[in-house]
Amino acid sequence: MIGRPPADAFTQSAYFGSAYPAIWSFQLALRARGLGSSICGYHLQDHEAAVAALLGIPAGVTQISLLAVAYTTQRDFRPAARPAVRDITYFDAWERSASLG
């Protein structure tokens, strides 16, 4: 993204929130083609400038994440095991169970 990220949390949510769905969609497209990816962002803490120099990222472009992309050794992708929706969702308050059905 061009420019520096905003300082307040509300605006940051909108700023970065628009990028992550695109990243996720790209990761799904990779997976459909037998490629795997891993989102990387730890470099942003102390090494953003070094990574920008290494990759030729122009000044004024905000790095949100990098994706490591490679062919995978596993080809039989399947849905991951997930907890039941009732165990991880709440209604009207945090940790207040609701009758969903």
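Tutor: We begin with burial: buried means under 20% relative accessible area, exposed over 50%, and partly exposed in between, with a 1.4 Å probe and protein chains only. This is a predicted model, in which local features need pLDDT of at least 70 and side-chain atom pairs count only at pLDDT 80 or more, while totals for chains, interfaces and linings use all residues. Residues are numbered from 1 along each chain as its sequence is written, and side-chain values use heavy atoms, with hydrogens and water left out.

Student: Is S65 buried or exposed?

Tutor: S65 has a relative accessible area of 17%, and therefore counts as buried. Of the 101 residues of the protein chain, 15% count as buried.

Student: Where is S65 placed, and which residues does S65 contact beyond its neighbours within four places in sequence?

Tutor: Helices (H or I, at least four residues) and strands (E, at least two) are DSSP runs, numbered from the N terminus. S65 lies in the loop between helix 4 (48–55) and strand 2. Contact means heavy atoms within 4.5 Å. With neighbours within four places set aside, S65 is in contact with Y20, I23, I39 and C40.

Student: How many helices and strands are there in the protein chain?

Tutor: The protein chain has 5 helices and 2 strands. Their order from the N terminus is α-α-β-α-α-β-α. Among contacts with a separation of 6 or more, 59% join residues 24 or more positions apart.

Student: Which residues does A70 touch, not counting those up to four places away in sequence?

Tutor: A70, in strand 2 (residues 66–71), touches L35 and G36. The C-alpha atoms of A70 and L35 are separated by 5.6 Å, although the two residues are 35 apart along the chain. A70 has 42% relative accessibility, so A70 counts as partly exposed.

Student: How do the axes of helix 1 and helix 2 cross?

Tutor: Axes are lines fitted to C-alpha atoms, for helices over the stretch in contact, and angles run from 0 to 180 degrees between N-to-C directions. The axes of helix 1 (residues 9–17) and helix 2 come within 5 Å and cross at roughly 30°. Helix 1 is therefore roughly parallel to helix 2. Angles under 35 degrees count as roughly parallel, over 145 as roughly antiparallel, 65 to 115 as roughly perpendicular and the rest as oblique. Y15, F16 and G17 in helix 1 meet A19, Y20 and P21 in helix 2.

Student: Which residues line the largest pocket?

Tutor: On a 1 Å grid over the protein atoms alone, a pocket is an open set of points with protein on both sides within 12 Å along at least five of seven lines, and lining residues have an atom within 4 Å of a point. The lining of the largest pocket consists of W24, Q27, L28, R31, L35, G36, S37 and F77. Helix 2 (19–32) and strand 1 (35–40) are the elements that give two or more residues to this lining. Helix 2 gives the most, with 4 residues.

Notes: On a 1 Å grid over the protein atoms alone, a cavity is a set of points where a 1.4 Å probe fits but cannot get out, and a pocket is an open set with protein on both sides within 12 Å along at least five of seven lines; lining residues have an atom within 4 Å of a point.
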